Amino acid sequence: MFIPLRDENPSGKVGYVNIGLLLTNVAVFLYQLHLMVISPHALQAMETTYAMVPARISGWATGHGSFEAAFLPLLTSMFMHAGIAHLLGNMLFLWIFGDNVEADFGHLRYLLFYLFCGIGSGLVHVAFNYHSHLPALGASGAISGVLGAYIVLEPRNRILTLIFIFPIRVPAVVVLGVWFALQFLSGISTMGTRMNGGVAVWAHVGGFLLGVLIASAVKKRARGS
């Protein structure tokens, strides 16, 4: 429906952490491609081990499996991607919106915020797919947190957005509000059915709401100081 191309109000600061996250995601994906070329079985083993599988957490809760195998993928899965389109889409959103959030939060707090949103969104996905054996991977939960923070911190920023084939400048609150609404409606439409794909929409919803809550608290604290 729409593709954001760039924001009209760059932060003016170098987002070292954001660039580092981008490079890490790309490096991990290149390693996945390397494994796919030399040994598809090795790639499958990597994804089986480090992608997030909700049933491992429900299994651990009933005494089956280790804590590490169940919960470590909440961290590792956010640096893996299922394909080039998956990677490019996520990195585009991170590149456009992440530097502004990092500028507002500061480098270390932004990194902690990103990881917290990634893990938190993964747990939201688990809550809605508690017994699913389908692996979930990708940075979209963490990046959804970045989007949630951006809509709080920079709601009036204009985003140059490709809507169908037309580049139009749209306020961030509209672009990201529509994006969230689509994710939420998609999640509602899947309730009561078995998850049958790799798009973890409830992770998107959960990450976004976490970002909104944390950024709102940071903004309120900044106003009070």
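Residues are numbered from 1 along each chain as its sequence is written, and side-chain values use heavy atoms, with hydrogens and water left out. Because this is a predicted model, local features need pLDDT of at least 70, side-chain atom pairs count only at pLDDT 80 or more, and totals for chains, interfaces and linings use all residues.

**The sheet**

Helices (H or I, at least four residues) and strands (E, at least two) are DSSP runs, numbered from the N terminus. Two strands pair if DSSP finds at least two bridges between them. Three strands form an open sheet here, in the order 1-2-3, with antiparallel pairing. Strand 1 (2-7) and strand 3 stand at the edges; each has a single partner strand, so one side of each lacks a neighbour in the sheet. From one strand to the next, the twist averages 35°. Helix 6 packs on this sheet and touches strand 1 and strand 2. The direction of helix 6 makes about 40° with that of strand 1. Axes are lines fitted to C-alpha atoms, for helices over the stretch in contact, and angles run from 0 to 180 degrees between N-to-C directions.

Strand 2 and strand 3 pair in the antiparallel sense over six bridges. R158 stands opposite P171 in strand 3. L162 stands opposite P167 in strand 3. The two strands form a hairpin with two residues between them.

What is the phi of F164, in the turn of this hairpin? It is positive, about 60°, although F164 is not a glycine. Most residues other than glycine have a negative phi.

**Helix 1**

Helix 1 has 23 residues. The expected span of a helix is 1.5 Å times one less than its number of residues. For helix 1 that gives 33 Å, and its end C-alpha atoms are 33 Å apart, which agrees. Its buried residues are V17, N18, L21, L22, N25, F29, Q32 and L35. They pack against helix 2 (40-50), helix 6 and helix 7. Contact means heavy atoms within 4.5 Å. Not counting residues up to four places away in sequence, Q32 touches L43, M46, E47, M80, H81 and L137.

**Buried or exposed**

Buried means under 20% relative accessible area, exposed over 50%, and partly exposed in between (1.4 Å probe, protein chains only).

| Residue | Relative accessible area | Class |
|---|---|---|
| Q32 | 3% | buried |
| F208 | 5% | buried |
| F164 | 63% | exposed |

**The nonpolar core**

A nonpolar core is a set of buried Ala, Val, Leu, Ile, Met, Phe, Trp, Tyr and Cys residues joined through side-chain atoms within 4.5 Å. In soluble globular proteins, nonpolar side chains tend to be buried together. The largest nonpolar core has 41 residues; L94, F97, Y110 and Y114 touch the most other members. Helices 1, 6, 7, 8, 9 and 10 each supply at least two residues of this core. Which helix gives the most to this core? Helix 8 does, with nine residues.

Leaving aside its neighbours within four places in sequence, F97 is in contact with P4, V146, L147, Y150, I159 and L176.

F208 is found in helix 10. Leaving aside its neighbours within four places in sequence, F208 is in contact with residues including S144, L147, L176 and W179. The C-alpha atoms of F208 and S77 are separated by 18 Å. Along the chain, these two residues are 131 residues apart.
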